Every structure is written in structure tokens, then in C-alpha cells.
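This briefing goes through some local surroundings, a helix packing and the nonpolar cores of the structure shown below. Please read it with the sequence and the coordinates at hand.

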Amino acid sequence: MDSLFALIPLIIVFPFSGVVIGVFFGRRLMPHKDSIGPGLVASILAGASFVIAVLMFIALQGHPEGVEVPLATWMNITAGDRVLDIPWTFKIDTLSSVMMLVVAGVGTLIHIYAIGYMQGDIDEQIAKRGFEGDEAFDFKRRRYSKFFTFFNLFLGSMLVLVTANNYLMMFVGWELVGLCSYLLIGFWFDDPVKGVYNSESGKKAFIVNRIGDFGMLIAIMLIFWTFGTVQFDDVFARAECMQAESQEACLTVSAGEAVHEEAEGEHGEAARPYLTPVALGKIGTVTLGVVVTIITLCLLLGATGKSAQIPLFVWLPDAMAGPTPVSALIHAATMVTAGIYMITRSNVLYAMAPISGTAVAIVGAATALVAGTIAVAQFDIKRVLAYSTISQLGFMIAAVGLGGYVAGIFHLATHAFFKALLFLSAGSVIHGMEHGHHHAAHHGHGGDDPDFDPQDMRYMGGLKDKMPITTWVYIIGSLALAGIPPLAGFWSKDEILLDASLNNQLVYVLLSISAFFTAFYMGRQVFMVFFGRARTEAADHAVESKPMMTTPLIILAALSVLGGLLNLPGLHSLAHWLEHSVAHAHTAEFNISIAAISTLLGLIAIGLSWLLYGRKPVEAGQADPLRSTGPVFTFLNRKWYWDELYDTVFIKPYVWLGEFLAVTIDWKFWHDFVHDRIIGDAFRGWGAILSQPIDQGVVDGAVNGIAQLVDGSSQELRKTQTGYVRNYALAVALGVVLVLGFLAFRFLM
Amino acid sequence: MSLTPLHAIFALMSLFTVGGAVGVVLNRNLIYAAMYLVLSLFGIAGLFILLEAPFLAAVQILVYVGAISVLITITVMVTRCVFCKEPPPRQLTLVAVMAALVMVTLGFVIMTRFGGLTPAADVPADSIEQLGVAFVNPQAYLVPFEVASILLLGALIGAIFIARDDLPRDEEAVGGDDHA
Amino acid sequence: MNLPTLESINLLAVLPVLIVFGWTLVLLVIDLFIPSGRKYWTAWLGILGLLGAAVALAVRFIDARGAAVTAFDGMLTVDGFSLFLQAIFILTAVIGILLALDFLPRHKIERGEYYILLLFTTGGMMIMSMAADLIVVFLALELLSIPLYILTGFARPRADSEEAAMKYFLLGAFASGFLVFGIALTYGGTGTTSLVGVFNQLAEGEPSRDLALVGMALILVGFGFKVAAVPFHMWTPDVYQGAPTPVTAFMSVGAKAGGFAALMRILIVAMPAVGEAWGMLVAILAMLTMILGNVVAIAQRNIKRMLAYSSIAHAGYILVAVSAAQRPEDAPLAVSAAIFYLLTYAFTNLGAFGVVLAVEREDGSGNLLEDFAGLGRSKPVLAAIMTLFMLSLTGMPVSAGLVGKFFVFQAAINASVGNPWILAAAIVGIVTSVISAFYYIRIILIMYMQEGEPQVVLKPALTVALALTALATLILGIIPAPVFQLAKDALLTLVG
């Protein structure tokens, strides 16, 4: 069984080899227009990663305490008696195993879905640009293989993140997935209509994430500063040791023997002599508690960036500019959960810093509520889902902040299933709408409306007859998200609410309201999109997607139904599984009243949405019923004016400050006043006095021979142009050959 | 001597270095050429790591792969039509023959006349510290270090002089009055 | 760790170069406060610093009485050779500044940086003459070169000046590459960069000495470029023509002398064990250089270009002397001949460029041979001085040039016993000297025999420079013995 663990490097080798294949052979894998070679290869490699993840899961059954598999020395710096040794080691424990399974599993399904989706998406782009023949084929080949190259790169990077055994390696994965996110959001950066918006969205995501990464980096530096290591287990062991003993005594402490068994087999040595640069408790009044609080707050900043929480969530809605599989994989199911994973991983530190834990919970709950309300007033089908994702991430963050790590990870897994399902189904809807739009345009049904947006729910309606499979899986996903029993979302959300009700009433109330909004906006969406009458020609001519796309949907739908089995009340299989790796995992017993309240709220919300959108469907051109709330709706529709707030509070003052520094301080004050007036004039005056006697005959003959200037200089210029540098260099090289040749024949033969 | 992964890594790094260099020369797109240069420099950093000189590797990455490449890329971007292809190089055959001759001659001499590898002494644990001390030790490399610093100062002044925008003007225009 | 002692650092021995660098740094700050239009202050202050260094040098010379010492634990060698060459560098720099003093404002390129960069490169040359470690040699070479690249382009935005700078820089970097490669191979072959170490390893007949041999060849290439030896000379005419004339004058002397200083120290001090190999190579290069330089010079109509080819040719003569130093027993005489030749060439060439400067116009024209027509009538003294310089470059009697050539050929013929290559080089040298008379004397003929109205601007600083160089050329031509005695005592030594 142990030997299975040695396979772990393959889990990232597969996707990264997909990147290499994609870069060098991607286009050759696509001999004709409809070939799916690159997508197939990428999906198979993703699947292979999933197989490895499953094997790791099996192997872990015998070793639930987990193992570390060293791959290579990454950094080993010795300075005097201080050592910084950061290996690239895989950490396989129950927590990372769950993440591997979710990432590789959902990832594989979305890869398969994308095979079909991207064919259509690229054809759409080709039509927009009017490419034909070879040009169209070349464009398609290039973009299709590029997409899957990026996709595989993302998968590999995400797996680097979740399998890292230290903060720095995790940070590498963290940055890599950020890069992939940027690349994929702006995938259609050259779209003739929305290209600028797409690339701006990519930039926004990247820059906002930098702010979070800044916090993450500071946290890592502080961790090293305090504990002399960045390896998870050692950090936690030392942190716990330092609560009882002096810092010095703890600096050589290493995690338990069992975990290090493998590593020691390689290196043959016990604890290494790490020493921190600065001792704790010796400067000012810094104590362990303060440092750990700062560390965990900085980590929280990192998590708010990657997991789109207040105050850094603004990038995620715009990230929907990427193709739909990207939204599903990166911006719903996997990458955005990195923050939750990271906090769960650091649970020992959070347990030591109760203030940080509360901060995390409040941030999460507030985000859940704010994003949930915004989602109610959006019209873009993907934007609704984006805000829903932010809101659900808020649930998870709130859970881990309250110490409900099992609940958080549980919701992470089930959310990955049903949110991926919803996004992919939305992609299917968009696909169908575009198809219908073309159909309508071709047949002269007046479907050539230039403002037509295949993602706008106001243009949809009545799709249930045209796209039955999509409709059914969408409804399943929606019910799961709304937390209706016995679907997966019910169990995981209930667990979070339960934890909240026991630990923090405020969080509980906020989350319950969010849950209500969740059910409402999902109901609104389902009724607007699938029921009622078609509001446009396009919706009238929409068609169901190909099996290549619907099969992953069905699998995900099944997972959304059955996901709750992971951690049913009473069994707590996930809790038992995770307690091997999450020291502070705990679970609460099922409480029927909590469950009943949340289910009731969900049902009321759905009923309300039926009253507003289902009973009397919205007709074409008719205003949204919620418009009657006036400014409230506008406020929500404009996303609480959050972007405008940032623009006013940060961007404008920043620009103003920049101008102030450049124009007023540097130019007007420093240059004009200090430099010119004070220094310049003073020294000019002194210089004139000092140099007067010698200052003779400088200005002389400056007006001679302008005619000769033109004539002579052109002559000279012509001459200098005769010699090319490369010829001269060639002559030098020739000289080298001659010298060496002579030497070789004369003295060396 | 059996093949170890180190051989493979060495081969890969050498491939990066040499292949990157060839790419720089042969690529007609300046930006791509710059990227190849990055690859080549990165390969050199890898070779440094193989030689157990992580500090040099880090410096190589920081200075060359990081800073200098960025500088080159920016320079290319501001000076030319970035994605234009350069005209095909002239005298390519002649140049190739010449380069091959230099390489063959040098290669022949080095391969046949090299006195054999003497295994290097173990890298001392405090090699970086020793390096740091050697730079400021009058008995070691203080002179080269200081000469290099003056050299850089001279180059700096020169670069500023070249980049400065105030071209010669009338006698009256004395320092600082040149509002652009 | 042994603590360094004052004795092993030996700051006093390198005081001249310390003064140059230190004063330049101070001057860099002072220059900020000198208003533009008064930059000759910087120039005079620069000369002041150089004079200070000259005094330190003289004190050192009297103090040492020919003894050689090392400084910084063997990184630098202060021996007679390096003292002599440092004197040449300081002289060249002083005259270089004097030449530029009037030129820069006339051409509206007067900036303090000019003098600062010139002092930097002078310091580089001084280090070069003392360098006893290949790393120092390389860094000093770059310190010598980089300010020169910029000085070449100093007449910005004049296109030919910028173009010359670009060419010089690109090719210089290319040649530096070979030099570094050579140093690396030498290190690979001997395991050390110190010249003493290289000498010891080669003397023991190291198995990898062939590697060092190849290293030597590439080092030769690198310096061949710097001193403008054929076939590494092609940059010279373009750069000499494009650069502002005072820069051309300075670099035709200083950079060449700097290159030769390090080349001779490396070859003669560290590599006598492979003397046969480099002696032969240098002899061949010398012959090619003398032939090409002198023959092509005939075809030139631009005086700066002509002087460029002339400077190539003179590098050939010095190479003859270097080649003659291949056997340790011949080395002392050959080295003194070479450095004495460098001294005479320095005065003569700087003077010749001074005359060119006087005739040159503000727009950079006035460099054609025809522009000298009528000089004999309108400015008889200037024409006489130019005649002296031309005769000296040819190697005619009553001029320093004759003495220089005489000593070089004497050393070559002395060393040529059993070595036909040196003999051949000496014969080629004598023949090409005769050829060179053609184009040097043509200038004299144009000045005196053709009608013309040359526009001459002769300012005090330039006058001083011309007087100085002319006087020196004359004195060295009439009574060379005292100075040559100094050169003979200026031994290249291996200390360490």
C-alpha cells in the first residue's frame, strides 16, 4: 500500500505534460476543423490525475495520519549556523486528499465539457471576425489548443497548491493559479466587441489578487520569522510548543515521527537546526499571541483576495468574462476555494488567535449576505451565479472562521459539484441561445438585434421544452444550492448553520438571511430562464447541447444529489476522515429545529419567487417585478455601488496624489523653486563672480560657414555609412578563426 | 559512470542554454528573441545549481532572468514595432560557417587538451559568507570589487548623459531652464 | 583569517591612482555646482588632480628606486613598468583635457561629464598597467572602455558621432567576450587568475597548459581589438572619424597604451613558458597590421581617417617589440623599446591631432587633406609644428619617432637570432616605414605647396598643448638618452 504514495508526483506530472504537449504539438493534434484532439489529450491527462487522486485516497485508508513524499530540494541556503531548507515535498493527508479528489474530479468533468463547448465558442468568435477558409482553421487550431494548454496548466498548478507541504510551495501554486486565472479570463482579449472589457477584467482580477497576495507573503515571512520554518507540520508543532515553553526551546521541535518517517528515510537526519533571525519576546512587547494574530489576519487578507471576500471580492463578477468552463472550474469550483483550504490548513494557528477567527467569520457572513442580495437584482445569467459563488464562499469562510472546518470543507466539496453543474448548464443555455440567435438571423425572423446578449435572462424564457436535459439538471443544481433536502447543499449548509448557531448568533442570523436570498435568486433565475414563454426569437429556436456536453452535466447532477452522503448526520464520515489532518476539527450533532428553519426559509423564498416570476411570467419588454422597489433595486443592481466606492476612495485620490507629487512637489516646488531659484540662481551668481576673469573667448566663431555645414556633413555621413558593424564583427571572428587555426596546426597537432 | 537524473537535468539545462542562444540568433521577431534569451539565461542558472552554487543561480535569476530581460523587453517594446519581423539576416551562411569554425576549433582544443576534471572541493557550508567577506577583504577581491564599482559609476554617468534630453542649445540657456 | 597588514595593502604604492579616482569623485560633485558655460573650471580642476597624481607618482618613483612592490596582496604590481606607463597616461590625460578645453564650447557640447569620464578612463588605464590578476585586467579594461564609448558619442546628436559610439560599443563588447573567454580558459588550464600563479603553473608544465595556450590566443584577440591590430582593426577608422577630435586624440594614444600595458604584462610576465607560440602569433599580427595600416592610409582623403590607419600601423610597430620579448633574456630591452615607443607616439600623435583640431571647423568639417592647403603661408608656426609631427610619425631624424623606431628595430634584430619570424617582422616594419613616408609627407607638401585659405582657430589651451607636445617630440628626438634610460630601468617584474 505504501508504494502507492510514491506515485504522487504523477498527479502534477500529468497536467504539466499536457502543457508541454499543448505548447509543442497542440496544433498538430488538430488535423481538421472539427477535430477535438487537444481537448481529448488534455481531458485524458486530467482524468489520469484524478485516477492518481483516487489511488492516494485508497492508500490513505491504511495510513490516515498521512505521509510526506519528498521530490526535490528546492531551496537550501546556509548562512553561518542558520539554515533555510525548503524542499518540494508532497503532503498527502486526508485534507489534501479531499482537495485532490474535488479538484481533479470536477476538473476532469469540466475538461470533457469544454471539449464540446470550446468548439462552439471558437466558431462563434470566427463568425464574429468573419474569418474564412484557412484563416478560420488556423485561428481555431491555435485558440483551441491554447485553451486546453492553459486549462491543464491550471489543473497542475492547483494540484501544486493543495499538495504542498509548506507555505512557500503553496504560495507558488497560489500564484500559478492566479496567473492561469488571468490568462483565461482574458482568453478573448481580442474579441472585436468585448475584447477590451475582457482584458480589463483579467487585469482587474490580477491586480486585486496582488493585494491579497501581499498579505499572504507578509504572513509567510512572519511565519518564518517566528517559527524558523515554513513547513506546515513543523510550524504547527512549534506554535503549540511555544504556548508552553520558550521560543528557543521550540525552534528545533519537529512534527511527529510518524509523519516524518518517509522524509527521514531520504535524509537520514533528525530535526535540523533551524534558527529564526529574530527572537520572539525580546523586542518591545511582541508576544506569541500578537504575532499569531497578525499572521492569521494577513492570511485572511490573502484568502479574501483568492476566495473573493469583502473587501476584495470585486474581481470575481468581472472574471465571468472568461469562457464558461473557466468560470465553472476556476471561479466556482476550485481556485476560489484555495482560501478556505488555506485557512483550514492553518487551523492550529487560528485556534491560537480567537480574534482572527471571529474576524474571518464576520467577513464570511457579511460577504455571504452582501453578495446574496446583489445576486437578486442581476440579469446576466452568469453574473447571478458569480455573486452566488461569492455568497457561498462567504458561507465556507464563515464556517472555518468559527472552527467548523469539517462543515467548511464539506460545503466546499458539495458546492464544487452543484456550482460547477450550474455554470456548465448556464454555458449550455448560452450555447443554445447563440444557436437560436443564428438560426433566427438566417431565417429572417428579425433576430439580428445588435444589442442581443445570449447571457441576458431577459432575452430567455420557456427554454424547458427546447433544452430538457439542461433544464432538469439546472433545477437539481438550483435546489441543491437553495438547500432543499435531501440534496447535497442541504446537508452541508445545514452543518454550517448549525456551527454558527452554536458559536456566534450574529453570524447565524446573517447566514440565515443569506440562505433565504439564495433560494430566492435561484428560483427567480429558474423561472425566468426555463419557464414562461420565449421572450425572443433566439430563445424560441434554442436547441439542446451535444452529449459531449450534457454527459458531464448528468454526472455532476448525480453528485449534487448524492453529495450529502459524504457526511450524513450521525455517520460523520467526513469528520472522522478529516480529524487525522485537521487538529481542530469538530462536529456538532444534527439539530432538527435548525434544519427545519433553514428548509422552511428556502421553501418560502422559492414560493415567493414563484409568485413574482412563475405565476405570471415576465413578458418581453416588461420590467422586472422587483423594479417596483425603486431605489432598493437600483442599489442592488449596481452592486451596492461597490466599484464606484473603490473608485472614489482609492483610485481617484491615488491619481490625485500622483499628480500632486509630480506636478506640485517635484516640478513646481523642487524643480522650479529649489533647483532653479535657490540653487541655480545662487550658484549662477557666484559662478559669474568667480569666473569672470577667465571667461574670455568662449563665444567665438559660432556663426561661420553654414553652407559648408550642409555640404560637408552630408559628405561625411555618406562615408561613415559604408561600414556595417556586422561586417566588422565578422572580421573579428575571422581573425579568431585564423589565430586559433594557426595555433592548432602549429602547436597543438 | 551510470546515468543519473542529474545527467538528464544537465542535458536539459544545456539544451535550454544552447537552444535559447540559437533561438535568439535565428528568431526574427525581437520579442521572441528576447524570450529565448530568458530561456538561455535560465538554463545557465540551472547549470549553476548543478554546480552547487545556489547563490550564483539566485543572482543569475534575479539579475539576468529578472532584471536584464525585463529591461531588454521594455527596450524592444519602446524602440520598435514589436511584432514586426526583421528582414532575413544577410550573409547567414558565411556567418554560420564562421561561428561553426570558431566552435569547432575551440571545441576540439578543449575536448582533446583538457587535462581532466579534478573534482572540486566540497562547497563550504558558509560559502556565501566567505564570498561576502572576500569582496571586502583587501587580501582577496577588494580591488576588483572597487574597480567594478567605479566602472558602474562611470557607466551610470554615461547612461544618464546619453539618455538626457537636453540637447545643445544657445549659450544663454543655462542649466535647468529647459521646460519641456 | 590573517588580518591584512598595511604593508600587504600598500596604499602608498598606488597613491597616484587613488588620487585620480578620489579626485574624480569629488569633482563629480563639484561639477554640479559649476554653471554650464563655465565648465572649463571642471577641466582645470581635473588637470589639478592629474598633477597631484603626477606628484605622487614622482615621489613614488624616487622613493622606490626601481624596486617593485605589490599592493593589495598581489592584486596590483607597482614596478618600473607600471610607473612609466602611468606617467604616459597622466600626460595623455592632461593633454587630452587641454585639447578639449576649447573644442567643446566651440562645438556646443561643453559638459562637465566629459572631463569626469576622461578621468575615469585614465584611472582605468592606470589600473591596467598595474594589474597582476586577470580579473583586475578585465575590469580595468572595461573601466577604460566604457567611458570611451560614451566619449565617442559625446558630440550627440551629431549622427556620425552617435554611430561611431554605437559601433565602438558593439564591437568592443564582442571583443571583450573573447577576452573573457580567454581568461576563463586560462583559468581552466591553470586553476588561478593571478599572473604569478599562471606563471608557476605553466612553468611546471601543467597537463592543461594547452588550454591556457588557447586562452592566451583569445586574450590576444581581445587586446588586439583594443590596440587596433589587424584583423581586429576595422572599427578604428569609423570610430576615429566619428568621435569628437579630442576624444580621438586621447583614445588613439591612451587606449592603445592601456591595451599594450596589460597585454605585455600578461604575455611577458605570466606566459614566458609559451613564449614561442605567442611570439609567433604576435609577429604575424604585427606584419599584417603594419602592411595594412600603412597601405590603406595612402588612400585616405580625410585626415582623421588617415591618422586612424596610421595609428593601426603604429600598433604594428609596437607589436614587433612585443614579439621580440618572447624570450626572457630579450624581454627587458624589447619592453623598454615598446614603452619608449609608446611615449614618443603619445606626444607625436596628440600633437598631430592638436593641429587637426586647430584646422577643424565648428560644424565638424575641415578634416580633409585639402583643408590644410596654404597653412604654410598663413600660419607658418603651426605648419612647422605639423611638419615636425609628420616627420616624427614617419621616423625621420631630429624627431622622437626616429628614436622610437630605432629602439624597436634594434630590440627586434637583437632577439631575431634563431627566430626568423621576428626578423621578418622587423624587415616588414622597415619597409612599411618607408611606405608610410608617402602619406605623411603628402601632408607637408599640401601645406606648403598648395594654395588655400585654411580657417584656423588657435586658443590658448590648444597652443599650450601644441607647444608641449612639439617641444617633447623635439627633445626626445635630439637627446633621447635620459628618458630612454628611464625606460630601460622600468622593468616588468614578476612579484607576488
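Once its neighbours within four places in sequence are left aside, B:Phe16 is in contact with B:Leu39, B:Ser40, B:Phe42, B:Gly43 and B:Gly46. The model that gives these contacts is a predicted one, and B:Phe16 itself has its place in helix 1 of chain B, which runs over residues 5-26.

- B:Phe16 counts as buried because 22 other C-beta atoms lie within 10 Å, where the cut-off for a buried residue is 20 or more.
- Between B:Phe16 and B:Tyr36 there is a separation of 20 residues in sequence, while in space the two are 8.8 Å apart from C-alpha to C-alpha.

**Chain C as a whole**

- Chain C holds 20 helices and two strands, and 67% of its 496 residues count as buried.
- Among the contacts in chain C with a separation of 6 or more, 80% are accounted for by residues 24 or more positions apart.

**Helices of chain C**

- Helix 4 (residues 80-106) of chain C packs with helix 19 (residues 460-478) of chain C at an angle of about 150°, the axes being 7 Å apart, and helix 4 of chain C passes helix 19 of chain C in a left-handed crossing.
- On the side of helix 4 of chain C this contact is made by C:Ile95, C:Leu98, C:Leu99, C:Leu101 and C:Asp102, and on the side of helix 19 of chain C by C:Ala461, C:Leu462, C:Val464, C:Ala465, C:Leu468 and C:Thr469.
- By type, the residues of the contact between helix 4 of chain C and helix 19 of chain C divide into nine nonpolar, one polar and one charged.
- Helix 10 (residues 235-242) of chain C is mostly covered, with eight of its eight residues buried, and these buried residues include C:Trp235, C:Asp238, C:Tyr240 and C:Gln241.

**Nonpolar cores**

- The largest nonpolar core has 230 residues, and those with the most contacts inside it are C:Ala321 and C:Ala338.
- Helix 14 (residues 331-359) of chain C contributes the largest share of this core, namely 21 residues.
- Apart from this core lies another one of 222 residues, among them A:Leu95, A:Ala239, A:Leu251 and A:Phe490.
- Not counting residues up to four places away in sequence, C:Ala321 touches C:Ala334, C:Ala337, C:Ala338, C:Tyr341, C:Val408, C:Ala411 and C:Ala412.

Note on methods
Residues are numbered from 1 along each chain as its sequence is written. Chains are lettered from A and ligands numbered from 1 in the order in which they are written. This is a predicted model: local features need pLDDT of at least 70, side-chain atom pairs count only at pLDDT 80 or more; totals for chains, interfaces and linings use all residues. A residue is buried if 20 or more other C-beta atoms lie within 10 Å of its own, exposed if 12 or fewer, and partly exposed in between; C-beta atoms are placed from the backbone. Helices (H or I, at least four residues) and strands (E, at least two) are DSSP runs, numbered from the N terminus. Axes are lines fitted to C-alpha atoms, for helices over the stretch in contact, and angles run from 0 to 180 degrees between N-to-C directions. A crossing is left-handed if the near helix is turned anticlockwise from the far one by less than a right angle, and right-handed if clockwise. Two residues are in contact if their C-beta atoms, placed from the backbone, lie within 7 Å. Ala, Val, Leu, Ile, Met, Phe, Trp, Tyr, Cys and Pro count as nonpolar, Asp, Glu, Lys and Arg as charged, and the others, Gly among them, as polar. A nonpolar core is a set of buried Ala, Val, Leu, Ile, Met, Phe, Trp, Tyr and Cys residues joined through C-beta atoms within 7 Å.
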